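Today I'm looking up salt bridges, a strand and a pocket.

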Amino acid sequence: MATTADLSEGSAPLEKCCWPQPILSYFDWLNQNKFEQVAELFAVAGVLVPPFERAIQGRCAIAQYLSDKAADMTVVPIECERSHNLEATDAIAYLIRGNVKTSAFMVNVAWRFELNAASEITVVRVKLLATLQELIKFR
């Protein structure tokens, strides 16, 4: 896992991104299998949107989902881009690019985080950045 110092060196095309603490903690704790702590970073009604699955809402459901699905994963965030302030709210969106490694594969991934004014995660959308051919190999 990259350290905070390593992560701050990643530049973003739109705006140099200062890695927000909730995002750093998300990746640190995910790699340590501290799924309840990861879930506590979310707002009470926060949502995790994994690829190819329904959205997971609420801290307990997110912790359970991560425990079931992410235990053997290592996430490696590489680049952070602060997208924009979301209209009609005080939320800020961040796009993180990196990869996910398991014992069976490695795939490039993008995470889109939305943080509210209280620095809670309101939404994380996870998108695989792979070609159809690459995805077929995972079957």
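This is a predicted model: local features need pLDDT of at least 70, side-chain atom pairs count only at pLDDT 80 or more; totals for chains, interfaces and linings use all residues.

I started with E81, which counts as buried because its relative accessibility is 8% and the cut-off for buried is under 20%.

Next I checked who E81 pairs with. It forms a salt bridge with R97, and the closest N and O atoms are 3.3 Å apart. R97 sits in strand β4 and E81 in strand β3, 16 residues apart. R97 also has a salt bridge with E79, with the closest N and O atoms 2.8 Å apart. E79 lies in strand β3 too, so this pair ties together parts 18 residues apart in sequence. I noted R97 as partly exposed, at 27%, and E79 as partly exposed, at 26%.

Then I went through the salt bridges as a set and got a count of 6. One of them joins E120 to R59, with 3.6 Å between the closest N and O atoms. E120 is in the loop between β5 and β6 while R59 is in helix α4, 61 residues apart. Shared partners join E40, R59 and E120 into one network.

Back to β4: is it enclosed or open? I found 8 of its 10 residues buried, so the strand is largely enclosed by the rest of the structure. β4 pairs with β5 in the antiparallel sense over 10 bridges, and a hairpin of 4 residues joins the two. I looked up I96 as well, and its bridge partner in β5 is W111.

Last, the largest pocket: its volume is about 520 Å³. I listed 22 lining residues, with P51, Y65, M73, V126 and L128 nearest the centre. The lining has 20 nonpolar, no polar and 2 charged residues.

How values were computed
Residues are numbered from 1 along each chain as its sequence is written. Side-chain values use heavy atoms; hydrogens and water are left out. On a 1 Å grid over the protein atoms alone, a cavity is a set of points where a 1.4 Å probe fits but cannot get out, and a pocket is an open set with protein on both sides within 12 Å along at least five of seven lines; lining residues have an atom within 4 Å of a point. Grid points are joined across faces, edges and corners, and a volume is the space filled by probe spheres set on the points. Ala, Val, Leu, Ile, Met, Phe, Trp, Tyr, Cys and Pro count as nonpolar, Asp, Glu, Lys and Arg as charged, and the others, Gly among them, as polar. Buried means under 20% relative accessible area, exposed over 50%, partly exposed in between (1.4 Å probe, protein chains only). Two strands pair if DSSP finds at least two bridges between them. A salt bridge is a side-chain nitrogen of Lys or Arg within 4 Å of a carboxyl oxygen of Asp or Glu.
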